[in-house]
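Subject: The structure we talked about

Hi there,

Here is the structure I promised to pass on. Please open it beside this email, and my notes follow below.

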Amino acid sequence: MSRFNGFVVPLLLSVGVAGCHSRNNSNTTDAKQILPAANENSKQTAQEIITELRVRAAQAALAQTKGGISSLQSDSTPLSKNIPNAPPQKPSAVLNPHFAGVTSENLYQQLIQIQAHWLDSAGRQEWFEADARLQQDSRKVLSLVHAEQITDAMDHGHSVHLLTAKTLRSFRFVDYGTPYPLCDDEPYLDQPMGAFCSGVLVGSRVVATAAHCIATDGDAKRTRFVFDFRMKDSKNAQSTFSDDEVFTGKRIIQSHPSYTEDDWELIELDRDVKEPDRIAEIRRGGIIDQNHRVYAMGHPNGLPLKVSTGGNVRLNVDPNIFVVGLDVYAASSGCPVFNDQHVVEGILARGDTDFVPVDKCARANNCPNTGCPGDEITRTTSFASFVPK
């Protein structure tokens with residue numbers, strides 16, 4: 001799920017190829033099985049497991065601290081300048097005696113079994129795995145990229161733009177002051193993290209995104225808005241783009257930044273997008289039906305475009321925000337959420353914690369349907385009056 005991350009979003013990430021992990025744990029036994037039935041009690045158990053895993057990892061990091069810096073921070077992969085180089089912090093919670101004798105890995109396996117009962121998403125797909133209609137919708141989605149990551153070049157007499165980015169292996173999930181690398185079996189580790197937020201084209205030169213993505217007109221001018229950043233196949237990402245796929249921000253047209261309410265902004269591009277099929281249709285009045293399924297498209301943790309399908313509308317009361325359950329994570333902020341008629345209902349504003357440390361590495365926290373608030377989506381009706389028809 002996604003939280004506010006401003007311009008450090010490229011360091012936060014996504015996982016979960018099909019809604020939740022399905023690691024085979026048949027060779028692992030434990031002294032204690034604490035898995036409850038799929039009911040309201042499992043929601044509480046899931047939260048207790050997450051707390052236990054965080055406390056165990058934090059205590060281990062404190063115990064390993066030498067000279068004020070955790071041994072986890074001396075990993076061979078250089079840390080980003082956005083990751084704090086500080087001593088681990090002592091957790092406020094304590095170990096749960098109910099989980100004594102259960103390994104952290106087994107606790108995590110039980111956690112995702114609990115969450116599998118509640119997760120209300122069909123999971124995440126690559127662009128090339130989606131059906132033709134969804135692939136068409138993906139043409140309306142943009143990745144927001146820092147200008148210094150785009151290099152201009154010539155290819156056979158044509159102007160092209162080259163994207164450079166670190167792979168997901170460089171990501172560190174920071175918890176209680178300690179940065180944890182992703183576990184070796186997490187998905188997407190070799191894919192590039194090129195974007196810091198996502199957006200959708202709603203006018204010939206108007207992009208809708210989350211207000212926490214771009215703070216000033218200067219930030220907009222230092223941002224490149226890139227279409228079609230996606231995986232070409234299972235191993236190769238699109239990294240070269242034509243002039244028709246790369247645009248520069250010009251200014252913020254309107255915005256409403258809020259950590260608790262609707263969070264949105266409209267950005268004017270430096271020129272018109274020439275292809276009209278890239279402009280998304282948005283809802284301009286009313287609210288989505290409670291029974292409609294929804295899907296999202298964006299760049300979780302800055303990765304090539306992912307399609308998250310099969311989500312449900314959970315809460316649909318607030319006039320500016322609705323809540324869904326979808327497989328989206330940080331840097332998906334600003335990504336469009338479509339209804340089953342391929343109309344954009346809203347953009348992702350914020351959501352739940354993405355990861356949990358398991359021993360010395362981080363794994364996905366596939367948040368359960370009733371156990372977490374879900375992803376909050378700003379309704380397009382919040383800004384539709386500023387978008388030309």
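How many bridges join S9 to S11, and do these strands run parallel or antiparallel? There are three bridges between S9 and S11, and the two strands run antiparallel. One place to look is Phe-225, which stands opposite Phe-247 in S11.

Before going further, please keep in mind that this is a predicted model. The average pLDDT of the protein is 83, and 78% of the residues score at least 70. Two stretches call for care. Over residues 1-29 the pLDDT stays under 50, although the model has 118 contacts beyond four places in sequence for them. Residues 73-81 also have a pLDDT that stays under 50, and here the model has 13 contacts beyond four places in sequence.

Now for the barrel

The pair S9 and S11 belongs to a closed barrel of six strands, which runs S2-S7-S8-S12-S11-S9 with antiparallel pairing. On average, neighbouring strands of this sheet are turned by 45° against each other, direction ignored. If you follow S11 (residues 246-256) to its other partner, S12 (residues 264-269), you will find six bridges joining the two, again antiparallel. Two of the places to check are Ser-255, opposite Glu-265 in S12, and His-256, whose bridge partner in S12 is Trp-264.

Then the open sheet

There is also an open sheet of three strands, in the order S3-S4-S10, with antiparallel pairing. Why do S3 and S10 each have a side without a neighbour in the sheet? Strand S3 (150-155) and strand S10 (240-242) stand at the edges and have a single partner strand each, so one side of each is left without a neighbour. From one strand to the next, the twist averages 35°. S4 (residues 158-163) is joined to S10 by three bridges, and these strands run antiparallel. Within that pairing, Val-160 has Ser-242 of S10 as its bridge partner.

And a cavity

A search of the whole structure turned up one cavity of 30 Å³ or more. The volume of the largest cavity is about 40 Å³. Which strands each supply at least two residues of its lining? They are S2 (141-146) and S9 (223-227), both of which are strands of the barrel. S2 gives the largest share of the lining, with three residues.

By type, the lining residues divide into seven nonpolar, three polar and two charged.

Best wishes

How values were computed
Residues are numbered from 1 along each chain as its sequence is written. This is a predicted model: local features need pLDDT of at least 70, side-chain atom pairs count only at pLDDT 80 or more; totals for chains, interfaces and linings use all residues. Side-chain values use heavy atoms; hydrogens and water are left out. Two strands pair if DSSP finds at least two bridges between them. Helices (H or I, at least four residues) and strands (E, at least two) are DSSP runs, numbered from the N terminus. Axes are lines fitted to C-alpha atoms, for helices over the stretch in contact, and angles run from 0 to 180 degrees between N-to-C directions. On a 1 Å grid over the protein atoms alone, a cavity is a set of points where a 1.4 Å probe fits but cannot get out, and a pocket is an open set with protein on both sides within 12 Å along at least five of seven lines; lining residues have an atom within 4 Å of a point. Grid points are joined across faces, edges and corners, and a volume is the space filled by probe spheres set on the points. Ala, Val, Leu, Ile, Met, Phe, Trp, Tyr, Cys and Pro count as nonpolar, Asp, Glu, Lys and Arg as charged, and the others, Gly among them, as polar. pLDDT is the predictor's confidence in each residue, from 0 to 100. Contact means heavy atoms within 4.5 Å.
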